[in-house]
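The following note collects points for a colleague who is about to inspect the model. Please read it beside the sequence and the coordinates.

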Amino acid sequence: MTAPARLELPDALRALALGGVLLVNTMGYPVMPGGPVLGEVEPAGSPASTAVQVLVATLVQGKAYPALAFLFGLSLALSVQDRRAPSLQRARRRLHALLALGVLHGLFLYAGDVLTAYALCGWLALAHVRAPHARLRTRMRRAAWLVAIPFAILTLLLGLSLVLGSGPAGGRGMVDPWRAGLGETLGSVAHLGAYLTLNASAYLSANAAAAVFLYPLVYLLMLAGIASARLRLLTHRRGRAWRQAQVRRWLGWLVAGNVAYGVAVAGLGSAGSGWLLLLDLVAPLVCVPLSAVLVLALATRGEQGARAW
């Protein structure tokens, strides 16, 4: 039996998303755990460094990982679309291997590992990859509530704390709880043992928080990817007019909103205040929609023959 031809578009988009994740993680790595996501401006006050930070915050930060999660779900659906039992078993084995790799990566190399989240959420999403459309829509609605409720509660509490002035001075303790306790960052530790201790504790703490705030969002995006693969929203010619209409309608507004977000990130990053944490909480409201529109825009460009990218 001849294997189906591999689609170029998901692979190309995945490469771009992985590049974005690598860029953001590299910028924030020296001040982890708990420092600004895009690191500190070096040298302090440098216009060029600030401009780079604004550009990355506008176009990449908060956009790469949602695209990667969406494509993860899309690829899961494509990998089992032939309805052969071995394809599901193969997907499960790959997720188990990915989880093992993510845990090792997170404990010993990089506390900001995302493979753990993708493996666990992918395992949950895989259970619905062949579910009826009505059940998939129900799961997506429930996942959306799981995303919205914790974010709304924490945003409200943190916002009130900052407005009323009851939080830590400058909010510094909110932004980097590990650094407040250990006094070190991954870029400043003196020896390997201190690095491993700091990195492993940050990885475990981050995943405890991610189970409430990140995992539901990743799970929702994977379900959206599964739905997209079923409907062929990115690839079928019948959806071309809809894709183009969404890009024309939303791209300008969302880029403008993300420019404002990028300026705010650069302005608050050096201060490390609680307002930066509040900004991180509300970031998905502007970042995830732009990520979706950029995926549609790139898919449209691919249809028009611009395959070189």
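1. The bond joining Met-32 and Pro-33 is cis, with omega about 0°. Most residues other than glycine have a negative phi, and most peptide bonds are trans.

2. Basis of the note. The model is predicted, so local features need pLDDT of at least 70 and side-chain atom pairs count only at pLDDT 80 or more, while totals for chains, interfaces and linings use all residues. Residues are numbered from 1 along each chain as its sequence is written, and side-chain values use heavy atoms, with hydrogens and water left out.

3. Overall make-up. The protein chain has 13 helices and zero strands; helices (H or I, at least four residues) and strands (E, at least two) are DSSP runs, numbered from the N terminus. Of the 309 residues in the protein chain, 43% are buried. Buried means under 20% relative accessible area, exposed means over 50%, and partly exposed lies in between (1.4 Å probe, protein chains only). The protein chain exposes about 16000 Å², and 69% of this area is supplied by carbon and sulfur atoms; accessible areas come from the Shrake-Rupley method with a 1.4 Å probe, and for residues only the protein chains shown count as cover.

4. Contacts along the chain. Contact means heavy atoms within 4.5 Å. Among contacts in the protein chain between residues at least 6 apart in sequence, 77% join residues at least 24 apart.

5. Packing of H1 on H3. The axes of helix H1 (residues 8-28) and helix H3 (residues 64-79) come within 9 Å and cross at roughly 145°. Axes are lines fitted to C-alpha atoms, for helices over the stretch in contact, and angles run from 0 to 180 degrees between N-to-C directions. H1 contributes Pro-10, Leu-13, Arg-14, Ala-17, Leu-18, Gly-20 and Val-21 to the contact, and the residues from H3 include Ala-64, Tyr-65, Leu-68 and Leu-71. The crossing of H1 past H3 is left-handed; that term applies if the near helix is turned anticlockwise from the far one by less than a right angle, and right-handed if clockwise.

6. The salt bridge. How many salt bridges does a search of the whole structure find? The search finds one, a salt bridge being a side-chain nitrogen of Lys or Arg within 4 Å of a carboxyl oxygen of Asp or Glu. Its partners are Arg-14 and Asp-11, whose closest N and O atoms are 2.7 Å apart. Both residues lie in helix H1, three residues apart, which is about one turn of the helix. Asp-11 counts as partly exposed because its relative accessible area is 27%. Side chains of opposite charge can pair when their charged atoms come close.

7. A nonpolar surface patch. Leu-156, Leu-160, Val-163, Leu-164 and Trp-275 make a nonpolar surface patch of about 550 Å². Patches are made of residues with over 30% relative accessible area and no salt bridge: like charges are joined within 9 Å, and nonpolar side chains (Val, Leu, Ile, Met, Phe, Trp, Tyr) within 5 Å. Helix H6 (residues 133-164) supplies the largest share, four residues. Leu-156 is placed in H6 and is exposed because its relative accessible area is 53%.

8. Cys-287 belongs to helix H13 (residues 284-303) and counts as buried because its relative accessibility is 1%. Leaving out residues up to four places away in sequence, Cys-287 touches Gln-61, Gly-62, Lys-63, Asn-258 and Tyr-261. Cys-287 and Gln-61 are 226 residues apart along the chain, yet their C-alpha atoms are separated by 7.7 Å. Arg-243, in helix H11, is buried, with a relative accessible area of 0%. Between Arg-243 and Ala-299 there are 8.4 Å from C-alpha to C-alpha, and the two are 56 residues apart in sequence.

9. A positive phi. Arg-232 is a residue other than glycine with a positive phi, near 55°. Arg-232 lies in the loop between helix H10 (215-231) and helix H11 (240-269), and counts as partly exposed at 42% relative accessibility.
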